Amino acid sequence: AEETLFSFYPNPTKDKLTFSQVIEKVEVIDLTGKTIFTFSNAKTINIESLPAGAYYLRLTNEEKTSLQKVIKQ
């Protein structure tokens, strides 16, 4: 089974996301593939300013990358 490297909550969220660990690089990407926000060394991020909808998070730590979907309410 593939290990889940990164987890976060809550999902869906209205504003903040909290990660299971500090993430070196967090990119918030819209469904067209455009990077909207980039955060560095983040344990929490705030996406309150985004319109409601689905987004992807590209999480990078020690050259491991995970793409995960998040729903903004």
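Predicted model: local features only at pLDDT ≥ 70, side-chain atom pairs only at ≥ 80, totals over all residues.
The phi angle of E63 is near 65 degrees, which is a positive value in a residue other than glycine. Most residues other than glycine have a negative phi. E63 counts as exposed because its relative accessibility is 79%, and the cut-off for exposed is over 50%.

The protein chain holds five strands and zero helices, so its pattern along the sequence is written β-β-β-β-β, where each β stands for a strand, a run of at least two residues. Its radius of gyration is 11 Å, which agrees with the value near 11 Å for a compact globule of 73 residues. Along the principal axes, the C-alpha atoms fill a box of roughly 30 × 25 × 25 Å. Of the 73 residues, 34% are buried. The chain exposes about 4,600 Å², and 48% of this area comes from carbon and sulfur atoms. Among contacts between residues at least 6 apart in sequence, 46% join residues at least 24 apart. As for charge, the chain carries 9 positive and 9 negative side chains, with 7 Å between the centres of the two sets.

How do the strands pair? Strand 1, residues 8-9, runs antiparallel to strand 2, and two bridges join them. In this pair, F8 has F19 of strand 2 as its bridge partner. A hairpin of six residues leads from strand 1 to strand 2. Strand 2 also pairs with strand 3 in the antiparallel sense, here over nine bridges. Five residues lie between strand 2 and strand 3 in their hairpin, where G33 takes a positive phi near 95 degrees.

Strand 2, residues 16-29, has a further antiparallel partner in strand 4, residues 53-61, and five bridges join the two. Here K25 stands opposite T60 of strand 4. Strand 4 in turn pairs with strand 5, residues 64-72, in the antiparallel sense over nine bridges. In this pair, Y55 stands opposite V70 of strand 5. Strand 2 therefore counts as paired with strand 4, since five bridges join them and pairing asks for at least two.

Most peptide bonds are trans. Which residues in this part of the chain are joined by a cis bond? Y9 and P10 are joined by a cis peptide bond, with omega about -10 degrees. P10 belongs to the loop between strand 1 and strand 2. The peptide bond from N11 to P12 is cis as well, with omega near 10 degrees, and P12 lies in the loop between strand 1 and strand 2.

N41 has a phi near 45 degrees, a positive value in a residue other than glycine. Rather than in a loop, N41 is placed in strand 3, residues 35-46. Is N41 buried or exposed? N41 is exposed, because its relative accessible area is 55% and the cut-off is over 50%.

T18, by contrast, is a residue to look for in the interior. T18 belongs to strand 2. With a relative accessible area of 18%, T18 is buried, because buried means under 20%. Which residues does T18 touch, once neighbours within four places in sequence are left aside? T18 is in contact with S7, F8, Y9, K43 and T44. Among these partners, F8 is also the bridge partner of F19 in strand 2.

Notes
Residues numbered from 1 in each chain as written. Heavy atoms only, no water. Helix = DSSP H or I, 4+ residues; strand = E, 2+ residues; numbered from the N terminus. Rg over C-alpha atoms; globule rule 2.2 N^0.38 Å. Buried < 20%, exposed > 50% of the residue type's maximum accessible area, 1.4 Å probe, protein only. Contact = heavy atoms within 4.5 Å. Areas by Shrake-Rupley, 256 points an atom, 1.4 Å probe, with all protein chains shown as cover. Lys, Arg positive; Asp, Glu negative; His and termini not counted. Charge placed at Lys NZ, Arg CZ, Asp CG, Glu CD.
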